[in-house]
Amino acid sequence: MVTVRAPATSANLGSGFDVFGVALSRPADIVRVEKASETTIDVTGAGSQYIPEDPKKNTVGAVAEALDAPAHIRIDKGVRPASGLGSSAASAAAAAVALNELYDRGKTREELVPVAAKGEAVVSGDAHDDNVAPAIMGGFTIATDDGVTRVDADIPFVACLPDIVVSTRDAREVVPKRTDVSQLVETVGNAATLTTGMHRDDPELVGSGMYDSVVTPARAKLIDGYDAVREAAFDAGATGVTISGAGPTVIAACPDEVQRDVGVAMLDGFADHGVEASVYQARIGEGAQLL
Ligand code: HSE
């Protein structure tokens, strides 16, 4: 039997749409696998009632098939689905690392990224490595068609998950099809600033590089209270605020000493709009770990 913990992740970070991702120190999914003649899946934990246990419809079923590794797979969800915190990626990443170990497939972490992405495509209809890459490799990741670049970084984040549902499909439909050159220039500048901030463990640079005027404003309309929460987080000392992945989680970067205040401010911001929310105080963390 093999057990693996894989973390929640935050994709995009504003300026890195479909490219940037970070592993968060919490929450996380725990996946336990045992060899079996055919794959069966049990799901418990946060939002498990919405997750199909049929291997053809579950993200880990596709991972087991891709690795030719049939197993009894138990998933304990710490990451609620449709949260913008890479819920299906966490399960897929944990299953890929666990089954690779169970069946001694000998794949490297980097080689497991496309395997886990195949699993994610089962639920999202589209494979993006920006969640599975950090879920498997940890740290800050830059996922492009040429592969994944990983940077070790230590930045405090606050992730505030409102009790509303935004479908990834809707969130992708509102993404503008075109942008102008001035926005391209701005985005390149912000993405470069953010990447430099990661190398320097500098929450100011990371925060200012999270600004995005292309995708985030279009998606913000899908999240009740987004503008108020963003403003409240900045007032409490956040250095950058944006939508985590496709939402509805709102994520803020901040210095250590204001992390708690930022979390409280974001909760209050949602509460002022009649939206209940939970908050995770996290840092950039490890990728999937064998337990
Ligand atoms: N980069 C993706 C998006 C993450 O923002 O739509 C969710 O799959």
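Between domain 1 and domain 2 of this predicted model, eleven residue pairs are in polar contact, both partners in each pair having pLDDT 80 or more. On the side of domain 1 that touches domain 2, at least two residues each are supplied by β1 (2–11), β2 (20–35) and β5 (140–144). Strand β2 gives the largest share of that side, namely seven residues. Sorted by class, the residues of domain 1 that face domain 2 in this way comprise 13 nonpolar, ten polar and four charged residues.

One salt bridge is found across the interface of the two domains. A salt bridge is formed by D18 and R172, with a distance of 2.8 Å between the closest N and O atoms.

In terms of contacts overall, 27 residues of domain 1 meet 37 residues of domain 2. The size of an interface is often given as the accessible area lost when the parts come together. For domain 1 and domain 2 the buried area is about 2200 Å², and carbon and sulfur atoms account for 62% of it.

Terms used: Residues numbered from 1 in each chain as written. Predicted model: local features only at pLDDT ≥ 70, side-chain atom pairs only at ≥ 80, totals over all residues. Heavy atoms only, no water. Contact = heavy atoms within 4.5 Å. Buried area = accessible area lost by both parts, 1.4 Å probe. Salt bridge = Lys/Arg side-chain N within 4 Å of Asp/Glu carboxyl O. Polar contact = N/O pair within 3.5 Å; in protein donor to acceptor, adjacent residues only side chain to side chain. Helix = DSSP H or I, 4+ residues; strand = E, 2+ residues; numbered from the N terminus. Nonpolar A, V, L, I, M, F, W, Y, C, P; charged D, E, K, R; others polar.
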